Amino acid sequence: MKRISFLLVLVLSALMLFSCGGDKKNEEETKKETDWRNTIESEGSFFVNEKIRLFYALDMGRITLWDAGGDGSVLQTIEYDTTVSDAIERIEKEDFNGDGYKDIRIYYYEGEEGTRYRLWLWGDRAGKYSECRLYSSIYDPAYDPEAKTVTGIEDLGAFGKLTRVYAFNETLGLDVVSVTIDDPQKIASDIAASTVGGTVRHAEGTAKVNEVECSAYVVSEGGTDIAFIAHTEESEWFVDVGCLGFYKSVVEKDGAILLSDYVGIAGVCIDMCEKMTGERGEILTKVGGYIDENLSGFKYVIKTQSGDQVAIVNDSGGLWYFCEDLDADVYTKRSTATGEAVNEVEYWFTLPEVEDEAPEEIPGM
């Protein structure tokens, strides 16, 4: 009898232990099922560094991030755009600026010119990602871990290869460190050969075009200077045909190097010519003097598309005057907006009595 009672006690004890163990297991499973980390729809997780772990979800145009150590609230939503159809499938999570934190990079553009990316850098202070906007303009960015710089090379066709070097700054942006053009002397020679002929040499000093300091070249033929060529550090090129004091921009079209529109005040002058005459034209000469004997200015003689010659004066105050009869050399003041006469007053343009008294040349005209 005692033996049966003892066995009954053992059975009951086992049942009780099994019951308690089951309750504990069910409790753990319930807790696991209700943990937010198991309820969000994510593709996975990655470590920003050894302490910070993020879950991520990928959608078209959107990346959603959660802090694995947080309360389940969304840490950040990154909006992006791209022209690469499978960009999200090739998302990169690497340290792209050498600060020890993993960043996020997505393909932005792929083409013959190269590849560009969108880049978000982890900000330790903010505890989230910030887009490095300038990065998306860099073709085939290459990171130098020793110099902590990014280099991009852009092929500009007839205008050479442009190498830009950038450095990351404290605000998770990029600063331009240097810009260099591959063999600008050859580019200048190619432009001269396609537009004005002659041989090219470096000019002393620089030229100012559109208020931008430019490297300059002189084009000569038969011992005479026939043109100036200038370029910005971004490889924008200009030609002053005849060394007259104003430039045209240079463009490449269908593989050919061509002169395009006038730039600076000269370009505005041609726009004014079109407003006043209905035609654009070519500037033949430019000379400094005075309008109505009291305002300094520059007189442009322009040959219109129909072959007529007219004169336009721009004074030091930015006002415009028009003469359609060069023999009479009488001017009317014109509206900058419409080119129409603003009054019936007649004006005259006079040259300085002494050549040294001519108005100072306006850079880039």
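User: Among contacts in the protein chain between residues at least 6 apart in sequence, what percentage join residues at least 24 apart?

Analyst: That comes to 37%, where a contact means heavy atoms within 4.5 Å. Before we go on: this is a predicted model, so local features need pLDDT of at least 70 and side-chain atom pairs count only at pLDDT 80 or more, while totals for chains, interfaces and linings use all residues. Residues are numbered from 1 along each chain as its sequence is written, and side-chain values use heavy atoms, with hydrogens and water left out.

User: What makes up the secondary structure of the protein chain?

Analyst: There are 3 helices and 24 strands. Those are DSSP runs numbered from the N terminus: helices are H or I with at least four residues, strands are E with at least two.

User: Where is glutamine 76 found, and what does its side chain reach?

Analyst: Glutamine 76 is in strand S4 (residues 74–79). Its side chain reaches the backbone oxygen of tyrosine 129 at 2.7 Å. A polar contact is a pair of N or O atoms within 3.5 Å; within protein, one must be able to donate a hydrogen and the other to accept it, and residues adjacent in sequence count only if both atoms are side-chain atoms. Leaving aside neighbours within four places in sequence, glutamine 76 also touches Ile63, Thr64, Leu65 and Lys128, besides Tyr129.

User: Why is serine 194 called partly exposed?

Analyst: Its relative accessible area is 43%, so serine 194 falls in the in-between class. Serine 194 lies in helix H2 (residues 184–195), and its side chain reaches the backbone oxygen of aspartate 190 at 3.1 Å. Serine 194 and leucine 258 are 64 residues apart along the chain, with their C-alpha atoms separated by 7.2 Å.

User: And what makes isoleucine 265 count as partly exposed?

Analyst: Isoleucine 265 has 29% relative accessibility, so it is partly exposed. Look for isoleucine 265 in helix H3 (residues 264–277).

User: How many cavities of 30 Å³ or more does a search of the whole structure find?

Analyst: The search finds 1. On a 1 Å grid over the protein atoms alone, a cavity is a set of points where a 1.4 Å probe fits but cannot get out; a pocket is an open set with protein on both sides within 12 Å along at least five of seven lines, and lining residues have an atom within 4 Å of a point. The largest cavity has a volume of about 50 Å³. Strand S10 (149–155) and strand S11 (161–168) are the elements giving two or more residues to its lining.

User: What is the volume of the largest pocket, and which residues are closest to its centre?

Analyst: The largest pocket holds about 230 Å³, a volume being the space filled by probe spheres set on grid points, which are joined across faces, edges and corners. Of its 14 lining residues, Asn97, Asp99, Asn169, Glu170 and Leu172 are closest to the centre. Strand S7 (residues 114–123) gives the most to that lining, with 3 residues.

Key. Buried < 20%, exposed > 50% of the residue type's maximum accessible area, 1.4 Å probe, protein only.
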